[in-house]
Amino acid sequence: MTSEMITADAAGTWTLGDLTVNRIGFGAMRLTGSAAFHLGTPSDRQRSIAVLRRAIELGVDHIDTAAFYFSSLRSANEIINSALSPYPDDLVIAAKVGPFRDYAGEWGTLARPEDLRGHVEENLRQLGRDHLDLVYLRRMRQDSVAEHFGALAELRDKGLIRHLGISDVEPRHLAEAQAIAPVVSVQNRFGLDSRNPVTDEMVRICGEQGIAFVPFFAIAGDAGAKGATTAHDEAVLTIARAHGATPAQIRLAWTLAQGPHVLAIPGTGNPDHLAENIAAGALRLTDDELHALNSLHQKSG
């Protein structure tokens, strides 16, 4: 695959409420360092800025971020602001709220509903915007999302938020949120080798209802916030060789093949990896390859 020649529109588009985006987007978590949060070494700020600007050149129009994406020296939101402001008219920026880290990087207690306005406003301040296109409520162990989601729905009514999503949820949480306000997107952990029957059900439900499903750690696998996995099943390696692609590209192609409503937000601070991730949107797996990969997913835990 000639990665540098392929743009994000090769993956097709999906509509988040009234906002149409390319199905290959960009996750901002890895802009701050070699691993998320405080787990790795801080990134080169200018390289991260260059990666973002190159992403826009390659057609990325959907960026997923959060105020709690920061390392000891870098803030993902600040880098986005520096690189892209004034923002392109068609750029959709999604942010997550709920989790909180203090200035030392330590995780705080679960946000109460009345705390969420502060979380939204902190994202707005860091990004230099007067509204957020999409805000996810990231569920943090609470059994019900009604109070927290209701607080975000009020902020949507005030014009601070355009559309609402939920993250790390089960079908019952989706129904609970939908009774309060429209949900345009669900974001759960999902990948080729990270099977969760509840999340598989969420993928199906979202497809039936026309809701975007946006998995995180689709490439990282078990490595999670530490970075992309280096453990690849032989089936993945064989299919990658057949397409002249990387294992990460095969993982992304499989993710996108789960339905037209499934988006991808791979993150990186490496310009070469950026081009490869976007190029994965043009990769088409055969029925036999999909069967092999689906079987691999069913066997994973």
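**View 1. F68 and Y69 are both buried in this predicted model****.** Their rings form an aromatic pair. The ring centres lie 5.4 Å apart, with 85 degrees between the planes. That geometry is edge-to-face. Ring pairs also bring in W107, linking F68, Y69 and W107 into a cluster.

**View 2. F216 and F217 form another aromatic pair****.** Their ring centres are 5.2 Å apart. The planes meet at 80 degrees, and planes over 60 degrees apart count as edge-to-face, so this pair is edge-to-face. F216 is buried, and F217 is buried too. The model holds 5 aromatic pairs by the rule used here.

**View 3. R101 sits over the rings of F70 and W107****.** Over the face of F70, R101 lies 4.0 Å from the ring centre. Over the ring of W107, the charged end of R101 is 5.6 Å from the centre. W107 also belongs to the ring cluster with F68 and Y69.

**View 4. The largest nonpolar core has 83 residues****.** Which of its residues touch the most other members? They are I80, L152 and V186.

**View 5. V186 has contacts beyond its sequence neighbours****.** Residues up to four places away in sequence are not counted here.

Methods: Residues numbered from 1 in each chain as written. Predicted model: local features only at pLDDT ≥ 70, side-chain atom pairs only at ≥ 80, totals over all residues. Heavy atoms only, no water. Core = buried A, V, L, I, M, F, W, Y, C linked by side-chain atoms within 4.5 Å. Buried < 20%, exposed > 50% of the residue type's maximum accessible area, 1.4 Å probe, protein only. Contact = heavy atoms within 4.5 Å. Phe/Tyr/Trp six-rings, centres within 6.5 Å; stacked < 30°, edge-to-face > 60°. Lys NZ or Arg CZ within 6 Å of the ring centre and 35° of its normal.
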